[in-house]
Amino acid sequence: MMQTVRIFTLDLDAIDRSKGQFAFTSDWDLPRKYSFSYFTDKDGEEAAQECYHITNAPESILNEFERHIADQFRAAKTMSLSVGDVVRVGDQVEYLCASEGWLSRRFA
């Protein structure tokens, strides 16, 4: 079954350092903005990992499907996925990119 993968990147302009908010940390409460979406046959954390790979790996190691998504992603002038960004897989689970691995939560 195909899943929608939605990327929400940190909204660096909306982070309020006076409230102790710092960019590139594993904090669910940081402000984010919708950046990009695509469809995949992957599910759960496997889809989040695929998303990280597509947005960070050099084009030379991407397969045809991944290159197609990466080209669209770059054309949208979106920054690569990094710590603090969120990947929503389908309509029930979000994955927060942590300094090592992923944190997850259900939202539906």
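## A tour from the aromatic cluster to the strands

Begin by selecting F36, Y38 and F73, which ring pairs link into a cluster; rings of Phe, Tyr and Trp (its six-membered ring) pair if their centres lie within 6.5 Å, and planes under 30 degrees apart count as stacked, over 60 as edge-to-face and the rest as tilted. Before going on, note that this is a predicted model, in which local features need pLDDT of at least 70 and side-chain atom pairs count only at pLDDT 80 or more, while totals for chains, interfaces and linings use all residues. Residues are numbered from 1 along each chain as its sequence is written, and side-chain values use heavy atoms, with hydrogens and water left out.

**The ring pairs**

A search of the whole structure finds four aromatic pairs. In one of them, the rings of F36 and F73 have their centres 5.3 Å apart and their planes at 90 degrees, so this pair is edge-to-face. The pair links distant parts of the chain, with F36 in strand β2 (residues 32-40) and F73 in helix α2 (residues 64-75), 37 residues apart; helices (H or I, at least four residues) and strands (E, at least two) are DSSP runs, numbered from the N terminus. Both F36 and F73 are buried, where buried means under 20% relative accessible area, exposed over 50%, and partly exposed in between (1.4 Å probe, protein chains only).

Next select Y52 and W102, whose ring centres are 6.4 Å apart with planes at 85 degrees, so this pair is edge-to-face as well. Y52 lies in helix α1 and W102 in strand β5 (residues 102-106), so the pair ties together parts that are 50 residues apart in sequence. Y52 counts as partly exposed at 33% relative accessibility, whereas W102, at 13%, counts as buried.

**Along helix α1**

Stay with helix α1 (residues 44-56) and select Q49, which is partly exposed, with a relative accessible area of 40%. Then move to T55 in helix α1, a buried residue with a relative accessible area of 7%. Not counting residues up to four places away in sequence, T55 touches I7, F73, S80 and L81, contact meaning heavy atoms within 4.5 Å.

**The paired strands**

From I7, look across to V87 in β3, which stands opposite. Strand β1 (residues 3-10) and strand β3 (residues 86-89) pair in the antiparallel sense over four bridges; two strands pair if DSSP finds at least two bridges between them. β3 also pairs with strand β4 (residues 93-97), again in the antiparallel sense over four bridges, and the bridge partner of R88 in β4 is E94. Finish at G90, which takes a positive phi near 65 degrees in the hairpin of β3 and β4, where three residues lie between the strands.
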